[in-house]
Amino acid sequence: MELRAERTTLKEIQSLRLLYLQETNAQIRYNSCHERGWTDSWSLTVNGLPVGYGSVKGQEIKGRDTVFECYVIPPFRSWADELFATLLRESGVRFIECQTNDPILSPLTYAFAANIQSPVILFKEGAVTRYSLPGVVFRPRQDGDLLFEHHHEPEGDYVLEVEGKIVASGGFLLHYNAPFADIYMEVTEGFRRKGLGSYIVQQVKRECYLAGRVPSARCNMENVASKATLLKAGLVIAGYMLVGEVKR
């Protein structure tokens, strides 16, 4: 049995990657790295048959030191460990990074990596909430709106207004694989812990659906406030990001 891992093009692995996205059926955090040209693609073959692929990015944008996707089609999945070991050897990567809801790469990470850390929580839609905050107006951002200084998230396409003052903004980004979108928000200092964060997430979720997208989100493990806000707005934990060092 000849197992090989060879450099290839993104175009050559696209059909296999569609199978991966369908099977995972979740937001892929680093999906946009492919289209932005930040990845190397690897073909995994058994006796010359292309049965899977691997994708490599960098912990820094220009680097190529981290495997972050690996997929093997079901008829050859019993060879996943050996194919992954071949990919690690040929690519020379130092790290493995994956989502715990990735059915293939997650167990491979535990088998082939050490010093595994989990820095990020991933969220998916869980329930529709129906919060109402008297005196709070949710609306699209308009030209000429004076927004507060944002420290953690971009200025959003939607805002919350209280007595004529914009106190929160939010929106959704489309860097995830379709149909998933990445919801974000920020509330200005002095208006936090009043339910505004959960309210704007609730409303942005609605806009997300109207745009034909499925809401999802992420936050750092240490960000207790964001985690609580997202959960209160009806999102639930979908998984965690794992980062580990390749065992040598």
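Reply: A salt bridge here is a side-chain nitrogen of Lys or Arg within 4 Å of a carboxyl oxygen of Asp or Glu. Before we start, this is a predicted model, where local features need pLDDT of at least 70 and side-chain atom pairs count only at pLDDT 80 or more, while totals for chains, interfaces and linings use all residues. Residues are numbered from 1 along each chain as its sequence is written, and side-chain values use heavy atoms, with hydrogens and water left out.

Let's begin with Arg 218 and Asp 182, whose side chains form a salt bridge with an N to O distance of 3.4 Å. Find Arg 218 in strand S12 (residues 214-220) and Asp 182 in strand S11 (residues 180-187); the pair links distant parts of the chain, 36 residues apart. (Strands are DSSP runs of E, at least two residues, and helices are runs of H or I, at least four, numbered from the N terminus.) How accessible are the two partners? Asp 182 is buried, as its relative accessible area is 5%, while Arg 218 is partly exposed at 34%. (Buried means under 20% relative accessible area, exposed over 50%, and partly exposed in between, with a 1.4 Å probe and protein chains only.)

There's also a network to look for: Arg 7, Asp 40 and Arg 64 are joined into one by salt bridges that share partners.

Now turn to Arg 17, which pairs up with Glu 69; their closest N and O atoms are 2.8 Å apart. Arg 17 and Glu 69 are both buried.

Another pair to click on is Glu 155 with Arg 141, a salt bridge of 2.9 Å from N to O. Both sit in the loop between strand S8 (136-140) and strand S9 (158-162), and the pair links distant parts of the chain, 14 residues apart. Glu 155 has a relative accessible area of 39%, so it is partly exposed. Arg 141 comes out at 35%, so it counts as partly exposed.
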